[in-house]
Amino acid sequence: LKPFPESLFELHGHSDKVNSVAFSPDGNLIVSASNNRIQIWNAGTRGRSIWPVYLEGDQGWITSVAFSRNCKLLASGSTNGTIMVWEVDTGKCLKVFPTRTHPTHPISSVAFSFNGRYIFSAAQDRKIQTWGLDSAVNEVGGVEEGPKGPDINFNCVAFSQDARYFVSGSTEGIIRIWDMKAKKTTCIWDAKCSVKAVAFSANGRYIISASDDNMVRKWEWEIGTPPKRVFRGHILSLSCVALSPDGKLVVAGTSLDGTELNHFPGLIFELHGHTDKVNSVAFSPDGSLIVSGSYDNTIRLWDATTGKPLRNPFQGHTNAVSSVAFSPNGNLIASASYDKTIWIWDAVTGEPRQGPLRGHRGSVRCVAFSPDGKQIVSVSSDETVRIWNVETGKQVGQLFKGRGSLPVSSVAFSTNNHVSASQGKTIRIWDAGTGELVKVMGLPEGHTDIINCVAFSPNGRYIVSGSKDRTARIWDVQTAMLVKEPLLGHTGSVESVTFSADGRHIFSVSEDNRAWIWEVEIG
């Protein structure tokens with residue numbers, strides 16, 4: 001099955017709301033539960049139904065289903081407090097456990113123990129029950145009291161593989177992890193709205209939650225940190241993003257009248273001054289400054305510690321500023337604009353050093369400094385990639401002239417003097433010294449829509465790209481091949497991507513009003 005956001009097929013058969021779904025551990029089967037019906041589907045045959053089971057009598061609505069580790073058994077819990085055990089191959093009911101401790105309280109969740117000999121259940125009266133499957137241990141096991149408090153409702157729960165921990169999500173938005181051995185809460189988070197589903201990752205290090213704000217969050221529960229996966233806070237679309245050199249700060253531009261600076265995970269302050277959409281942001285190499293470029297035709301410089309503006313806006317462009325970049329030593333700022341020009345500014349005084357640099361016949365989309373700071377590379381809607389001398393402001397090379405009708409939208413310099421630019425669905429890499437085309441990426445496999453942005457990893461070995469197809473992808477520069485599955489999760493065009501300074505994380509922003517951090521292990 002393909003992960004989000006693409007749907008491979010739909011499973012039709014239930015006549016009412018589906019309350020619970022689960023994959024079998026081997027990934028071959030899917031089980032779903034709705035009202036008094038359980039259905040098993042073949043995941044490899046586009047969802048062909050294997051068998052449905054209808055509960056008869058006063059069995060209540062089914063609220064939770066789970067496979068055993070060997071995929072031979074299925075457990076279900078219902079609103080009348082009973083747990084039933086089913087044989088997967090035949091659909092035969094093997095056991096029914098009527099709960100003595102909470103016969104009228106709905107079961108929130110059921111799970112098998114790692115060895116398959118026990119079933120654990122959690123009910124809305126905050127009790128966790130152990131049930132023995134062997135004939136020799138057919139009686140009810142010990143009852144554990146879960147966490148108590150006015151904000152504790154077992155809206156949803158899930159157990160870790162060793163069944164030592166369970167996580168609960170409440171209507172009040174509280175997520176808690178309960179240590180059943182120590183009988184205490186180990187972590188508490190606030191999702192701010194009703195939590196509908198929770199799950200442990202396979203390695204037990206993370207919790208995934210889904211809530212009423214349509215957000216899926218990832219929580220690192222071992223160290224109790226807030227979610228590092230997704231940020232949200234803008235009313236309108238995020239347009240650009242940059243990470244501070246130490247990886248602790250994120251600055252994101254928006255179509256509102258300002259820029260926002262996030263220190264994981266909370267907002268520190270907002271940078272107000274621009275009067276139109278912010279198109280580009282960047283940190284200085286030492287992390288002390290932020291530069292931003294906007295549709296209001298200006299460039300602004302900010303103190304990254306206080307959020308205060310420094311000096312007056314840099315003025316010179318006669319149309320929207322599309323891209324800004326610091327030189328490697330932090331002394332210069334380059335800006336590109338829809339007015340077809342490039343300017344180079346003194347970051348200390350705000351005075352222009354060079355400009356306007358003319359040559360492009362279309363709007364300039366992106367600029368970047370070379371690693372030694374002596375050159376600037378630019379891309380334009382005129383389908384060209386050009387190199388400029390910083391000291392003289394003269395054009396010293398033209399790497400690429402497109403033959404199609406698609407503009408070149410993004411450009412980046414690597415530490416080994418390679419230049420990468422995107423046009424349409426492809427990424428091209430040149431040697432900036434010789435002008436030789438080194439690689440072409442993206443064909444025949446790659447993005448299915450126009451690439452908006454590219455960035456090199458710190459060691460220059462990899463490129464990350466973001467596209468209108470709502471994905472980010474990682475490429476090996478040497479082989480020109482994808483090194484991982486697409487990074488899926490955004491529901492809108494990916495507008496900006498960047499690597500963290502250590503190369504272990506990728507940050508992306510999208511028109512879906514979300515910014516994501518991706519953990520990558522690519523060497």
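Author: Two strands pair if DSSP finds at least two bridges between them, and strands (E, at least two residues) are, like helices (H or I, at least four), DSSP runs numbered from the N terminus. The model is predicted, so local features need pLDDT of at least 70, side-chain atom pairs count only at pLDDT 80 or more, and totals for chains, interfaces and linings use all residues. Residues are numbered from 1 along each chain as its sequence is written, and side-chain values use heavy atoms, without hydrogens and water.

Reader: How many bridges pair S14 and strand S15?

Author: Strand S15 covers residues 174–179 and runs antiparallel to S14. Within this pairing, Ser168 stands opposite Arg176. The number of bridges over which S14 and S15 pair is 5.

Reader: Which residue in the turn of the hairpin of S14 and S15 has a positive phi?

Author: S14 and S15 form a hairpin, and 4 residues lie between the two strands.

Reader: Which residue stands opposite Cys156 in S14?

Author: S14 also has a partner in strand S13, residues 156–159. S13 and S14 run antiparallel and are joined by 4 bridges. Cys156 stands opposite a residue of S14, and that residue is Gly169.

Reader: Why is strand S14 largely enclosed by the rest of the structure?

Author: A residue is called buried under 20% relative accessible area, exposed over 50% and partly exposed in between (1.4 Å probe, protein chains only). Both faces of S14 are covered, with Tyr165, Val167 and Gly169 on one side and Phe166 and Ser168 on the other. S14, residues 165–169, is largely enclosed because the number of its residues that are buried is 5 of the 5.

Reader: Which residues point the other way from S31 than Ile342, Ile344 and Asp346?

Author: In a regular strand the side chains alternate between the two faces of the sheet. S31 is mostly covered, as 5 of its 5 residues are buried. Ile342, Ile344 and Asp346 point one way, and the buried residues that point the other way are Trp343 and Trp345.

Reader: Which residue takes a positive phi in the hairpin of S30 and S31?

Author: S30 and S31 pair in the antiparallel sense over 5 bridges, and Leu332 has Asp346 as its bridge partner in S31. The hairpin has 4 residues between the strands. The loop between strand S30 (332–337) and strand S31 (342–346) holds Asp339. The residue with a positive phi, near 75 degrees, is Lys340.

Reader: Which residue in S32 stands opposite Ile344?

Author: S31 pairs with strand S32, residues 352–357, over 3 bridges in the antiparallel sense. The hairpin of S31 and S32 has 5 residues between the strands, and Gly350 takes a positive phi near 80 degrees. The residue opposite Ile344 is Gln354.

Reader: Is Ser337 buried or exposed?

Author: Ser337 lies in strand S30. Leaving aside neighbours within four places in sequence, Ser337 is in contact (heavy atoms within 4.5 Å) with residues including His317, Asn319 and Val364. Because its relative accessibility is 0%, Ser337 counts as buried.

Reader: How many Å apart in space are Val31 and Ala66, C-alpha to C-alpha?

Author: Val31 is found in strand S2, residues 29–34, and is buried, with a relative accessible area of 0%. Among the residues in contact with Val31, beyond four places in sequence, are Val65, Phe67 and Leu74. Val31 and Ala66 are 35 residues apart in sequence, and their C-alpha to C-alpha distance is 7.9 Å.
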